[in-house]
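Hi,

Here's the structure I promised to pass along.

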Amino acid sequence: MSGRTGSMIGTFLFVLFGPLVWAGHLLAIYGSHASLCEFGALQLFGLPIVPILLLVATIGALALLAAGLCWPRRVQALLRADVGEGEERGWLTRLMRLLTGLSLVGVAYAGVAIMLVPICLPLR
Amino acid sequence: MSSNDPIMPINPTPRPEGEQEELLRIWATPTGWRLPSAVNNTVIGLFYLGIAVLFFILAGILALIMRTQLVHGDNDFVSQELYNQLFTTHGTTMMFLFAVPAMEALGVLLLPQMLAARDLPFPRLSAFAIWAYVIGGLVFFSTILYDLAPSGGWFMYPPLTLTAFSPGDNADFWLLGIGFIEISAIAGAVEIVVGVLRTRPPGMSLSKMPIFAWSMLVFAAMIIFAFPAVILATMLLEIERAFGWPFFTAATGGDPLLWQHLFWFFGHPEVYIIFLPAAGLVSMMVPALVQTPLVGYRLIVLALIATGFFSFGLWVHHMFTTGIPGLSLAFFSAASMTVAIPSGIQVFSWIATIAAGRRRLRLTTPSLFILGFLFIFVLGGLTGVMVAVVPFDFQAHDTYFVVAHFHYVLVGGMVFPLFATFYFWAPMVSSRQLSERLGKWAFWLMFSGFNIAFFPMHITGLAGMPRRVWTYPSSLGWDLLNSISTAGAFILAAGVLVFLIDLALNFRVSNAGAGNPWEGGTLEWLPGDVYSTRSIPHVTTRDPLWDQPNLSEEVEAGAHYLPGAPTGGRETIVTSAVDATPQYVMQMPGAGWSQVLAAVFTAAFFLLLTIKLVIPAIIGGVLAIVFCMVWVWQLDPGPRKGMVDIGAGIKLPTYFTGMQSHGAWAMVVLMLVSASLYLAYVFSYLFLWTVSPDVWAPANAPAPPPLWWPAVSALLFVGGAASIRLAGRLLPEPGRRTFAAPLLTLAGAAALAAAVAWELWGHYQTGLRPTDSAYGAMVYMAGVLAGQIVLANMLMALFTTVRMAAGRTDRERRNSFDHTAQLVYYGVCQSLVGLVLIHGFPRLLG
């Protein structure tokens, strides 16, 4: 039997680190944007709250993803993920990095829209 | 032991006399009238697949009737109401009764062979899921014959499907029938997750897993997270139809768009749920056909996971025209574009594998269907990118352009790979290959028929023809395009007919199969029999039959793991999830009737409820529970078989408890399903609040009960969990009985029931009623969901208590108890979250 510590749930969270950040980002920007527009809560202390919130969420998500790309071992340790040994560890880490990279593209793609599309305007 | 250790010798050969005969006896399939009691994956997998194909044919016949109706304008071949029932039943059958079940069937049939496991880990659960699907599916489909079929479209949008606009039982057949079949799909998903992660052969680490296993893992995970949303939606709609709780009625604070959010949170991933296993099959066939390992294995795994995951962020792209702010649409448009990247990776990988092939791709029937798939699916993908562009979607929404698009995606992405699969893997379960000549006829008829039928629909749609219209005026100029589409549909049907003829002429079920005609490199091509493979191989590469010389002979001679049946019953090796190190030998149940009867009575419960025969439905439900208990009574065998030798000097336990047991993993998967359903509920609560804050407490509804009221509920919940925990510590030693553990178990379950009753009574006392408003309905729905889990907790606690009384559960033989405790802890956590939401949120507002 394997003597390694670390859990399989940790392994899932480690491999899916990027997509999970992407999902959190989508949930945060869609949820906050749709709700604030619904209630017409567009200003806070005279500042346009919606774009600020969306940009902060996007920059935060991008930073988190970049950190995951640069320091996967730390993410793995944090999540107590069982990633096997030797070749298996390298394989899973590269898979995690690829998924994180793709998620970064997804977050950036959604983030660009914030600067291009009117904030609460229905398009039709 | 690690996967890099030397693998030979594992077991001395020749093997003792009678060993193989014992395997044959233990794994024998019942015959004659006892055949339905069979649980062997090859038997029930083939049956499952056969029924799925039957539904494909039946739904295809409905399509032909529809195409006949549309052949020219102003036609009255069928009535408008029948046409509405036809397209609803066609879509529902194709999606719920053919596509998903066909893929699950292939999982049941192929996975144990690809993993060289003797069977999937819960054979009776598979059989239960299949029988439930067969009975529920046949009853649902037959409604079209009695004018009882639903007519609200396969997505059943309210308000059209509310009682006011859809009286009668038609919509209820969809809601209860499909809800029930989804439960069967979830049962299959539990089986697949645990099977893929825990029953791989020693050495087959995650990085060496066949791509089909990866795709089925993603498929099952998607079912686990996507299906609960639509199960909740069907519950809400059925409750509104039956009891008037206004979740979707705008006048009392509900919103029909809630249905769309919940439905498409399931419905969009559903497309990928269907496509990804098919892509996995293509990734298995292409390397074998060109005798070359798959190019970009890791990238394909990445693509499967990414496509599966990102598909959950696309649901709003079905709702672009519902008035959601433009920026929100842009987020989902971006996600729709992002998902195109992993889909593209797979296509390029297949092309690269074909290009790099050691052998030129011969135009066999499977190759033709794969090439047809590539052509059609890529076109469907391109129009998918078009409809992901918001302004284009505004124009094309609900037109025949969309009908063309999704048929290109679904038929191209799933049906063509499925037919390739039939021709490729038939020799694994049939003593004869299917005919190449008839196969090519079938392909060309299907390929040309499909494109003749569906390509013109792009133009018909751009010319303005809306979906789901019964007929159209001849003066609009759509006649010619529709006539061409109808001709194509009949050519496509002729192709399917040729395939059926081929099947009748050449398919002959055989446990030994017809060898390895494609010279495949994966384990399903090992020689085998009713017990799967003679011994379970030690795997060191992704294509073991290509890279491990003599593997077939060694496995057949019994030189690898578990060549006999050391426990004297059905068993397979359980390995660790990441690197597939052997952990224990799992004892498995054999043929039996309890799971069949449980499925029959579960189906009876749902179907009798649909036609409002409440008392017979309750009797059916009780009988279903009784047979479930009979079924699980025979499980949890305990450690009496001790340690057994599986070869290479490895001795493994035959019983395992704790979080590493396969049963505990299944419970975790079940909890994920429950949690997904509950999250969908929390979303629904908050969504309806954003839509109608005016009906919410405390402003316009009775304020929630005082805080000490939910505090009492919380104490009862926590007390119930503590009682179960204590019972676990006081379980008796083997061979002894105590009163403390059973009493504490029952007390714990009673406390949970009291907590739910107290909570509901509290709201009732305030004067709030579920029919008052969407707020009231949501408050009581939290109680319904908590009650559901607690009912399961109570039944399991009762079952465990009886086992303790019978001396079948003790400190060592404790899986039944531990699984009960797991679900209790989960139920308590979910209920506490519910209390915080229901009692905290209105106070936050007030």
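**Core, helix and hairpin**

The largest nonpolar core has 276 residues, and the ones with the most contacts inside it are B:F98, B:W214, B:W425, B:Y681 and B:M781. Bear in mind that this is a predicted model. The largest share of that core comes from α6(B), which puts in 23 residues. Apart from this core lies another one, of 17 residues, with B:F717, B:A721, B:L731 and B:A741 among them.

Leaving aside neighbours within four places in sequence, B:F98 is in contact with B:A52, B:F56, B:T93, B:M414, B:V415 and B:L418.

Back to helix α6 of chain B, which covers residues 211–243. What about its length? At 1.5 Å a residue, α6(B) should span 48 Å, and its end C-alpha atoms are 47 Å apart, which agrees. There is a bend of about 30° in α6(B) at B:A226, and a proline, B:P228, follows within four residues. Just after the helix, B:G244 takes a positive phi of about 75°.

The last item is a hairpin in chain B. Strands β5 (residues 643–647) and β6 (residues 650–653) pair in the antiparallel sense over four bridges, with B:M643 standing opposite B:P653 in β6(B). Two residues sit between the strands, and B:A648 in this hairpin takes a positive phi near 55°.

Cheers

Methods
Residues are numbered from 1 along each chain as its sequence is written. Chains are lettered from A and ligands numbered from 1 in the order in which they are written. This is a predicted model: local features need pLDDT of at least 70, side-chain atom pairs count only at pLDDT 80 or more; totals for chains, interfaces and linings use all residues. Side-chain values use heavy atoms; hydrogens and water are left out. The expected span of a helix is 1.5 Å times one less than its number of residues. The bend at a residue is the angle between axes fitted to the seven residues ending there and the seven starting there. A nonpolar core is a set of buried Ala, Val, Leu, Ile, Met, Phe, Trp, Tyr and Cys residues joined through side-chain atoms within 4.5 Å. Buried means under 20% relative accessible area, exposed over 50%, partly exposed in between (1.4 Å probe, protein chains only). Contact means heavy atoms within 4.5 Å. Two strands pair if DSSP finds at least two bridges between them.
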